[in-house]
Amino acid sequence: MSFIRSRLGLAVAAVLAGLMVALGGVVVSGSASAAPSSSVAEYKVPKGLKTHRVTASALRFRAAPAGWVKGLLYRGDRVFIRESYVGSPWVKVVVVGRSQSGIPHETRGWVHRSYLRR
């Protein structure tokens, strides 16, 4: 049974790799059973750039715009805006320092722009 599972896993990986190439994505060679790499570089908040403070009593810190809630940011927590889009109220932020609710330093997520001030 494990032989069939391993062959099926390799076949699925090959099909997905073919789709990625067809769509212009990047394909990393390796085994289908390989664990995700832990060498993904974390985003470092550039020194000297201005941060924003949360003005809401409790602000939902989301995994994606209008996505599931990862945690809460409270008034006074600091974030660095990493990405913003014209016409969108959502901004991708990086937490600066540990938040009052315990969200670790340099955690990435999305918040509503209207609850941030310099």
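Reader: OK, and how many residues of β5 are buried?
Author: Seven of its seven residues, so the strand is mostly covered.

Reader: What does β5 pair with on the β4 side, and in which sense?
Author: β4 and β5 pair in the antiparallel sense, over six bridges. To pick out one spot, Glu83 has Lys92 of β5 as its bridge partner.

Reader: What's in the hairpin between those two?
Author: There are five residues between the strands of the β4 and β5 hairpin, and Gly87 there takes a positive phi near 85 degrees.

Reader: And how many bridges join β5 to β6?
Author: Five bridges, and these two strands run antiparallel as well. Val93 stands opposite Gly109 of β6.

Reader: Switching topic: how many aromatic pairs are there?
Author: The structure holds one aromatic pair. Its rings belong to Tyr85 and Trp110, with centres 6.5 Å apart and planes at 15 degrees, so the pair counts as stacked.

Reader: Why quote both a distance and an angle?
Author: A pair of aromatic rings is described by the distance of the centres together with the angle of the planes.

Reader: Where in the chain are Tyr85 and Trp110?
Author: Tyr85 lies in the loop between β4 (78-84) and β5 (90-96), and Trp110 is in strand β6 (residues 108-112). They are 25 residues apart, and the pair links distant parts of the chain.

Reader: Is Trp110 buried or exposed?
Author: Trp110 counts as buried, because its relative accessibility is 11% and the cut-off for buried is under 20%. Tyr85 is partly exposed, with a relative accessible area of 44%.

Reader: What makes up the largest nonpolar core?
Author: Twelve residues in all, including Val54, Ala56, Leu59, Phe61, Ile103 and Leu116. β2 (58-62) and β5 each supply at least two residues of this core, and the largest share, three residues, comes from β5.

Reader: What is Ala56 in contact with, leaving aside its neighbours within four places in sequence?
Author: Ala56 is in contact with Tyr74, Arg75 and Tyr115.

Reader: Zooming out, how many helices and strands does the protein chain have?
Author: One helix and seven strands. Read along the sequence, the pattern is α-β-β-β-β-β-β-β.

Reader: How much of the chain is buried, then?
Author: Buried residues make up 23% of the 118 residues in the protein chain. The chain exposes about 8,300 Å², and carbon and sulfur atoms supply 60% of that.

Reader: What's the mean pLDDT?
Author: The mean is 76 for the protein chain, and 59% of its residues reach 70 or more. Over residues 1-8 the pLDDT is below 50, and this stretch has zero contacts in the model beyond near neighbours in sequence. Residues 19-40 also have pLDDT below 50, with eight contacts beyond near neighbours in sequence.

Reader: What should I do about coordinates where pLDDT is low?
Author: Where pLDDT is low, the predicted coordinates should not be read in detail.

Methods:
Residues are numbered from 1 along each chain as its sequence is written. This is a predicted model: local features need pLDDT of at least 70, side-chain atom pairs count only at pLDDT 80 or more; totals for chains, interfaces and linings use all residues. Side-chain values use heavy atoms; hydrogens and water are left out. Rings of Phe, Tyr and Trp (its six-membered ring) pair if their centres lie within 6.5 Å; planes under 30 degrees apart count as stacked, over 60 as edge-to-face and the rest as tilted. Helices (H or I, at least four residues) and strands (E, at least two) are DSSP runs, numbered from the N terminus. Buried means under 20% relative accessible area, exposed over 50%, partly exposed in between (1.4 Å probe, protein chains only). pLDDT is the predictor's confidence in each residue, from 0 to 100. Contact means heavy atoms within 4.5 Å. A nonpolar core is a set of buried Ala, Val, Leu, Ile, Met, Phe, Trp, Tyr and Cys residues joined through side-chain atoms within 4.5 Å. Two strands pair if DSSP finds at least two bridges between them. Accessible areas come from the Shrake-Rupley method with a 1.4 Å probe; for residues, only the protein chains shown count as cover.
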